[in-house]
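Subject: Structure handover

Hello,

Here is the structure I promised to pass on. Please open it and keep it in view while you read my notes.

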Amino acid sequence: MSNYKGKTAVISGGAEGIGLAIGRALGQQGMNVVLADIDTAQLAVAQEQLSAEQIPVLTLPLDVAVESQWQEVARQTLAHFGKVHMLVNNAGVGGIPGNAEHTDEAGWRWTIDVNLMGVVYGAQTFIPLLKQQGEGGWVINVASMAGMAGTPFAGPYTATKHAVVALSEAWREELKSREIKVAVLCPAFVKTRIHQSHRNRQARYAPDQPPSEKQMKMASGAAVAVENGIDVNIIGKRVVEALDQGEFYIFSHPNYRPITQQRAAAIDAAFERAAKSPLLQHIVDQEIVTF
Ligand SMILES: NC(=O)c1ccc[n+]([C@@H]2O[C@H](COP(=O)([O-])OP(=O)(O)OC[C@H]3O[C@@H](n4cnc5c(N)ncnc54)[C@H](O)[C@@H]3O)[C@@H](O)[C@H]2O)c1
């Protein structure tokens, strides 16, 4: 399954930013686009924009952290377009910057529920439908470069993005036999409103305490980086380019390559030391266990 024409993509967090850019790029390839988002006002703007570009679009309200709302998105997608072929788990929040001991629990819960459980619920809703259809398909998860190496002062964000990369690796293997292709997008800074994620923070995750001066300073550093980030529509086009080439890890910032190179080299060097430990010689040549 390599062509997109007439097929349907569901994109969480699709009202603006990277999700909308991916929707636009897929729409330009002839796909029907379902944009699902917690921000209904922004969804109306997105609907108008894509419709003006002759892209068939359906917008639906969705809080990705609430599984029952995913079921409704699936129901309405099938009612409108008949089938579904691609899930783009894009919705995400930046979380609150802070060091290990100062990040508040409500902030942790919010970031985990949106960035991680949102991806899990999306998969649990749509993968059974893709399997049932039996035509293959795609699951694209939006992680981050923060999912490739631990990012200081961004504990909840970097933890959830690592989890999304790991889930993508697991699902790629699980879904291979069903012709469902999995990919994980790992951008560095892109000019969106991710640094203003709190605008859509649900009331149930109200912060335990106001951010400290230090947190505010870290947040403004991140905001500058995002505002100087690359144009969002490049990301949408890059995703299509990478899917055409069957890429699994999708990068948008080749200049960040040293980050993963240094991490891989450090891990390899650590294995080298373990391989020399007298304590471990009896297992050096043992086969690794998989199941
Ligand atoms: N912008 C960057 O620099 C950057 C870098 C790496 C990864 N990312 C990732 O890209 C994805 C998209 O972020 P963006 O940069 O476009 O940010 P954005 O804030 O511009 O867009 C995020 C979208 O997600 C929606 N959203 C937030 N909470 C939601 C919820 N509970 N349910 C449904 N929708 C929700 C928002 O309303 C918004 O439309 C995120 O997963 C983010 O972590 C962004």
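Predicted model: local features only at pLDDT ≥ 70, side-chain atom pairs only at ≥ 80, totals over all residues.

A polar contact is a pair of N or O atoms within 3.5 Å.

**The ligand**

Start with Ile18. A backbone N or O atom of this residue lies 2.8 Å from an oxygen atom of the ligand. An N or O atom in the side chain of Asp37 is 2.6 Å from a ligand oxygen. For the side chain of Asn200, the distance to an oxygen atom of the ligand is 2.8 Å. The ligand on its own has 830 Å² of accessible area, and the protein covers 98% of it.

Who else is there? The ligand is surrounded by 31 residues. The closest are Ile18, Asp37, Tyr157, Val190 and Thr192. Helix H1 (17–28) and helix H5 (155–175) each supply at least two residues of this shell.

**The sheet**

Next, find the strands. There are 7 in an open sheet, and the pairing is parallel. Their order is S3-S2-S1-S4-S5-S6-S7. Which strands stand at the edges? They are S3 (57–61) and S7 (249–251). Each has a single partner strand, so one side of each is left without a neighbour in the sheet. On average, neighbouring strands are turned by 20° against each other, direction ignored.

Look at one pair up close. S2 (residues 32–37) and S3 pair in the parallel sense over 5 bridges. In one of them, Val33 has Val57 of S3 as its bridge partner.

**Helices on the sheet**

Helix H3 (residues 67–81) lies across S1, S2, S3 and S4. It runs at about 160° to S3. Helix H4 (residues 105–133) also packs on the sheet. It touches S1, S4, S5 and S6, and its direction makes about 175° with that of S4.

**Two residues to check**

Most residues other than glycine have a negative phi. Gln54 has a positive one, near 65°. It sits in the loop between helix H2 (40–52) and S3. Is Gln54 buried or exposed? It is exposed, with a relative accessible area of 68%.

Glu179 also has a positive phi, of about 60°. Its place is the loop between H5 and S6. Glu179 counts as exposed, at 52% relative accessibility.

Best wishes

Key
Residues numbered from 1 in each chain as written. Heavy atoms only, no water. Pairing = 2+ DSSP bridges. Helix = DSSP H or I, 4+ residues; strand = E, 2+ residues; numbered from the N terminus. Axes fitted to C-alpha atoms, helices over the stretch in contact; angles between N-to-C directions. Contact = heavy atoms within 4.5 Å. Buried < 20%, exposed > 50% of the residue type's maximum accessible area, 1.4 Å probe, protein only. Near = heavy atom within 4 Å. Polar contact = N/O pair within 3.5 Å; in protein donor to acceptor, adjacent residues only side chain to side chain. Areas by Shrake-Rupley, 256 points an atom, 1.4 Å probe, with all protein chains shown as cover.
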